[in-house]
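Q: I'm new to this one and would like to go through it slowly with you. Could you walk me through it while I look?

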Amino acid sequence: MGNMGVEESSQIQREDSEEVTNEAVPEADVKRTPPWRKQITIRGIIASLLIGIIYSVIVMKLNLTTGLVPNLNVSAALLAFVFIRTWTKLLQKAGIVSTPFTRQENTIIQTCAVACYSIAVGGGFGSYLLGLNKKTYEQAGVDTEGNPPGSYKEPGVGWMTGFLFVVGFVGLLALVPLRKIMIIDYKLTYPSGTATAVLINGFHTNKGDMMAKKQVHGFMKFFSFSFLWGFFQWFYSGGPQCGFSNFPTFGLQAWRQSFYFDFSMTYIGAGMICSHLVNLSLLLGAVLSWGMMWPLISLQNWYPKTLPESSMKSLNGYKVFISIALILGDGLYNFLKILFFICQSIYDRLKKTRPTTCSDGMNQPLDDLQRNEVFVRESIPLWVACIGYLFFSIISIIVIPLMFPELKWYYVLVAYVLAPSLSFCNAYGAGLTDMNMAYNYGKVALFVLAALSGKDHGVVAGLVGCGLIKSIVSISSDLMHDFKTGHLTFTSPRSMLFSQAIGTAIGCVVSPLTFFLFYKAFDVGNPNGEYKAPYAIIYRNMAILGVEGFSALPHHCMQLCCGFFAFAIVANLVRDFSPKKFGKWVPLPMAMAVPFLVGAYFAIDMCVGSLIVFVWHKLNNEKAGLMVPAIASGLICGDGLWILPSSILALAKIHPPICMRFSATKSI
């Protein structure tokens, strides 16, 4: 299932993805697949809940710090294998016979867990929902015409949970009637879903079992190291700008410009998962912005120096709006490119349409015929999808305007009428390119609704409408990734849909609670703190831009934004049309935009992760290919799990005993 980085990470994390091939499944394993009800087990749901909670904490930290979330699907499949194999071995030692662990159960656990943490990724906790809170409203400028007084809504567990339940289930049913067409007839690849299926199929073979043992050992070793390292660091972080996370690696002057290594195992692990191009693009963006542009702009007389740095009319305005320009330029280009591919592919298929003959089936490999038979046999009735979609849509049309009176009911109605066609376009494009463009559909809705709703209601209506469209379009695309994984692992579509629904329901409860763990324990939204939540201010200012137009931009910012918007489009054109040996080195504008607002420190961490992978592949390519995903997952999960006890300590007002801080010699 392909999920998104906060909103944009699904694109940048899949650049340069390698083509995967289907692994043959032994015939004995597929002669009799378990009925769909037996594929969903109690132990599987418990494992999914635990994995979903762990990953919800991890991605929530990434949401609220950098907004960049790597693809953790393969990691979730590995962790599911670790959980159940450990459980069955413990039962065996106790003399208790347990049900065999099948590839279908592994797939169900992975699907349910990813559905759970995907709510934390795409639920808007670091973007459109957090953009509604008072702190973000004040950062955007209380005197700004398009940011009217009272246009904010403080986060609350109740309304956030209700909102997620209302919008989260509609997307599950939007494309269910088209699953056979997209998976079997069109044979769309869905690379993330295929890669996950290959991993799961590999686990459940004799050779794969030996490989999995090595991966599990590596995962546990680095998981333990990462957790203990987080515990050790905590003792030295007893104050602002204290501890290893503020270690001036390259000197104090570089540290003031956010150039330092902050010893975060989460970012190092994320850097090991993301491609080299993503990490180098992050570093380039950091050097260009914090190393060159911001120091130069701060020397100009373009804004009153008496303004606070967080004001949109001061340096922070340039950071936010130039980031928006890069994001929109890259998003627009890729949106149009994907639409072109979709139209071209559909046109080619229509030209080649012919009746399926018996010889076509005879020419198919036996594995494919068996997969298709299982996929079609466990069909989901059309009436269930249609009635379910209508039922959840009606609830949403009633409930959302009651939650947010600024968004009129007829806008919600139009959104649900258009949603299936938008979902098809996005899911089809994801099947061809593995790029989930849901955030671009959401941004279009944001600008349109902000402009239509006017100055009094435009910001809130735009942010909520963005979340509404994005949720439907993203979840329906994610479900197609799951169906592809299920198709390749002989897992019933019914059990896949049911497990996705269970995971979504768990995520709608777990994600708001996880968010409030951070929101109460840490200073979320502080532009000078660790939890900057960069996309919250970006999305709010997008809505203000939709209401006010270009008058919201600070002095000379329009020219800079136009230049970076054009740069984003030109960079994509060069990468797509130049020879591959040159094009593969063109930086990704979407990745470059993140450090413009956040800073350089996390880009350095991720480049360290990339350097580890590069050196390891040079020394032992085969072992690196096997162990990198497991070790990266261990680093991310260990550091992520430490967040739970550290948050509880913060809520209990138990502070670290030591503050390790650095200063220049002359100031001592």
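Q: Which residues touch the most other members of the largest nonpolar core?
A: In this predicted model, Ile 400 and Tyr 416 touch the most other members among the 191 residues of that core, where a nonpolar core is a set of buried Ala, Val, Leu, Ile, Met, Phe, Trp, Tyr and Cys residues joined through side-chain atoms within 4.5 Å. Buried means under 20% relative accessible area, exposed over 50% and partly exposed in between, with a 1.4 Å probe and protein chains only.

Q: And which helix gives the largest share of this core?
A: That is α21, with 21 residues; helices here are DSSP runs of H or I with at least four residues, numbered from the N terminus.

Q: What is Tyr 416 in contact with, leaving aside its neighbours within four places in sequence?
A: Its contacts, meaning heavy atoms within 4.5 Å, are Val 166, Val 167, Val 170, Tyr 389, Ser 393, Ser 396, Ile 397, Ile 400, Leu 468 and Ile 472. There is also a second, separate core of five residues, which includes Cys 112, Cys 116, Ile 502 and Val 510.

Q: Before we go on, how should I read the numbering and the cut-offs?
A: Residues are numbered from 1 along each chain as its sequence is written, and side-chain values use heavy atoms, with hydrogens and water left out. As the model is predicted, local features need pLDDT of at least 70 and side-chain atom pairs count only at pLDDT 80 or more, while totals for chains, interfaces and linings use all residues.

Q: Okay, new topic: how many salt bridges are there?
A: The count comes to four, taking a salt bridge as a side-chain nitrogen of Lys or Arg within 4 Å of a carboxyl oxygen of Asp or Glu. One of them joins Arg 43 to Glu 105, with the closest N and O atoms 2.8 Å apart. This pair links distant parts of the chain, since Arg 43 is in helix α4 (residues 42–65) and Glu 105 in helix α6 (residues 103–122), 62 residues apart.

Q: Are Arg 43 and Glu 105 buried or exposed?
A: Arg 43 is buried, and Glu 105 is buried too.

Q: Which residue does Lys 61 meet in a salt bridge?
A: Lys 61 meets Asp 639, at 3.3 Å from N to O, and this pair links helix α4 with helix α28 (residues 621–651), 578 residues apart. Lys 61 is buried, with a relative accessible area of 8%, and Asp 639 is buried as well, at 7%.

Q: What about Asp 576, buried or partly exposed?
A: Asp 576 is partly exposed, with a relative accessible area of 33%. Its side chain meets that of Lys 337 in a salt bridge of 3.4 Å, N to O. Asp 576 lies in helix α24 (residues 557–577) and Lys 337 in helix α16 (residues 315–351), so the pair ties together parts that are 239 residues apart in sequence.

Q: Why is helix α26 largely enclosed by the rest of the structure?
A: Helix α26 (residues 589–598) is largely enclosed because 10 of its 10 residues are buried, among them Met 590, Phe 596 and Leu 597. The helix is followed by Gly 599, whose phi is positive, near 125°.

Q: Last one, where does Ser 453 lie?
A: Ser 453 lies in helix α21 (residues 438–488) and is buried, with a relative accessible area of 16%. Leaving aside its neighbours within four places in sequence, Ser 453 is in contact with Glu 406, Tyr 411, Gly 458 and Ala 461.

How values were computed
Helix = DSSP H or I, 4+ residues; strand = E, 2+ residues; numbered from the N terminus.
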